[in-house]
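Open the model in your viewer and keep the selection tool at hand. Each stop below says what to select and what is there.

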Amino acid sequence: MSGVFLIGAGMTPFQRAALADLTGLAREAALLALRDAGLPAAQVGAGYFANVLGPQLTGETTAGQFVMAALGVRRVPVVNVENACTSGSTALWLAVHGVQSGEFDVALVVGAEKMSVPGLGLLHGGSKEIETQLGLVMPASFALRARRYMYEFGTTAEQLALVSVKNRRHATHNPLAQYREPVTLAQVLGSPMIADPITRLQCCPTADGAAAVVLASSKVARLRRRAVRIDASIQCSGSYENPVDLARWETDRRGCLLAYERAGIGPDDLDVVECHDAFSIAEIMHTEALGLCEPGGGGLLVEGGATTLGGRIPVNVSGGLLSRGHPLGATGCAQVVEIVQQLRGEAGARQVLGARVGLAQCMGGDQAADAKSCTVVVLSV
Amino acid sequence: MRASAGRADLPAFAPGIFGVSGNDGLPVLLGSRCAPCDRAYFPRSSLCPNCLGETVEQELGSRGRIYSYTVVRTKPPLGLPAPYAVGYIDLDSCGLRVFSLLDAARPECLQIGVPVRLAVSPLGHDGRGNPCLRPYFTPVDAVAAT
């Protein structure tokens, strides 16, 4: 995918921000990204805004136009995107293909969520879904994967918990993460059981926040030293086959393979990965889908330290969703912001030395034991 | 086809999910089938996503085996008991893997591979807060013991 570059990136702290509102968070992140790009808003040819819960929680619909207009992005196409946890990365996917088509040279992508409100409760796959009405909440969905996965591959509860230990350790170096204190294995295993075998410290917390990126054609990005190339951006949906294999995530694997194919690389070419660790088991399964280890080997991979900062292929050096929190609409953009910082060598104490190729994987939604959306972005310098 | 016997003056949590078997009067899951594609669906899908032809309702039986399970210990949604159990069941009759509530009364009986059968009881409330019937699977041995 030569020809599309990322020239600006920024994000707010992810935290429970009682006084913040959705559009305020979005503007803050967008402004950081535009300033990072050094572009006036008048040069933005299209705006993409990702958010999930605004219409439900505060009645805010088509909030994207409100955000863009306040930043001076007017008259141009503005699109609002909702695709569950992949809303931000789906907005990015749309923007990449818009720039690639030549329809415009610069696109602003903003993902934002304000979700720390009283009584939100646990997220689910949609209130009308039969599964939701039979008690399927997100932690249960991943607990069912974990149970089956452990049964088939002998993965231990300790190996699952080590994902949280690793990512919280990484987050000690990320000032924008919500939880920056390290946790021990005993603390993770001893935290309250949510849906066995998943304990509370293996579930990503709620957060408010926003993240934004500026994309540009090669014509605009040409003289920019800090531009990062987008080698692949894919989005796919679930196959919803029945019976589904809960221990091997076909949609995840399919998305990752497609991204590798488009980028012309393989797992050995990666230097740094951000993946959707909404729950500990999720990271283990995503590392397998990415081919960072053999099927069933995700527990041993994290236990052996390969995915730790300084290891063979560091995963979620930002601290991941488990440490940052998961403002739904923002997460897909925040993962990309992290990869951009890594590839620019601007990640400070959590820098993966010499990182030149990075990947951000995200999944969202829950239907028929499958994800409704999977996105993968490959970036390089 | 009416929902469940006995305590069945309560409405089902949703229409068309379970009924009473014409064979033995016990609860059964209801789904649909596309004959030309030889595919079964749960919950019922009026259109076959494979050929876009119309499906017909089909009983999916009441027996299966646990494929995976978990006991949920967060504040339960929809007035479900705390804790409550859920899982995926491989149905004997059609090979479908379906999500269901499980009997949480004897969590030690919940194991992968355990044979289960369908039961229907008042469980929680519907979206408007009214009590309703929900189906759940319970280990076969536990049924025999009661």
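Predicted model: local features only at pLDDT ≥ 70, side-chain atom pairs only at ≥ 80, totals over all residues.

Select helix α1, residues 22-37, and helix α3, residues 63-70, of chain A. Their axes come within 10 Å and cross at roughly 45 degrees. The two helices, α1(A) and α3(A), are therefore oblique to each other. Look at the handedness: α1(A) passes α3(A) in a right-handed crossing.

Now show the residues where these helices meet. On α1(A), pick Leu22(A), Thr23(A), Ala26(A), Arg27(A) and Ala30(A). They meet Ala63(A), Phe66(A), Val67(A) and Ala70(A) of α3(A). Colour this contact by class: seven residues are nonpolar, one is polar and one is charged.

Next, the sheet. Select the strands of chain A in the order β3-β2-β4-β7-β1-β8-β11-β10-β9. These nine strands form an open sheet with mixed pairing. The edge strands are β3 (78-81) and β9 (272-274) of chain A, and each pairs on one side only. From one strand to the next, the twist averages 25 degrees.

Strand β2 of chain A, residues 46-50, runs parallel to β3(A), and four bridges join them. Pick Phe49(A): its bridge partner in β3(A) is Asn80(A).

Zoom out and colour chain A by domain. Domain 1 takes 4-117 + 207-227, and domain 2 takes 130-202 + 233-380. Their C-alpha centres lie 23 Å apart. Across the boundary, 35 residues of domain 1 of chain A are in contact with 32 residues of domain 2 of chain A.

Stay on the domain 1 side. Here β1 (4-11), α4 (87-101), β4 (106-113) and β7 (209-217) of chain A each supply at least two residues. The largest share, seven residues, comes from α4(A). By class, this side has 21 nonpolar, eleven polar and three charged residues.

Last stop: bring in chain B. Which elements of chain A each supply at least two residues of the side that touches chain B? Select α5 (130-133), α6 (138-153) and β5 (193-195) of chain A. The most comes from α6(A), with seven residues. Between the chains, 25 residues of chain A are in contact with 29 residues of chain B. The chain A side has 17 nonpolar, four polar and four charged residues.

Technical notes: Residues numbered from 1 in each chain as written. Chains lettered and ligands numbered in written order. Axes fitted to C-alpha atoms, helices over the stretch in contact; angles between N-to-C directions. Parallel < 35°, antiparallel > 145°, perpendicular 65-115°, else oblique. Left-handed = near helix turned anticlockwise from the far one by under 90°. Contact = placed C-beta atoms within 7 Å. Nonpolar A, V, L, I, M, F, W, Y, C, P; charged D, E, K, R; others polar. Domains from an automatic or database assignment. Pairing = 2+ DSSP bridges.
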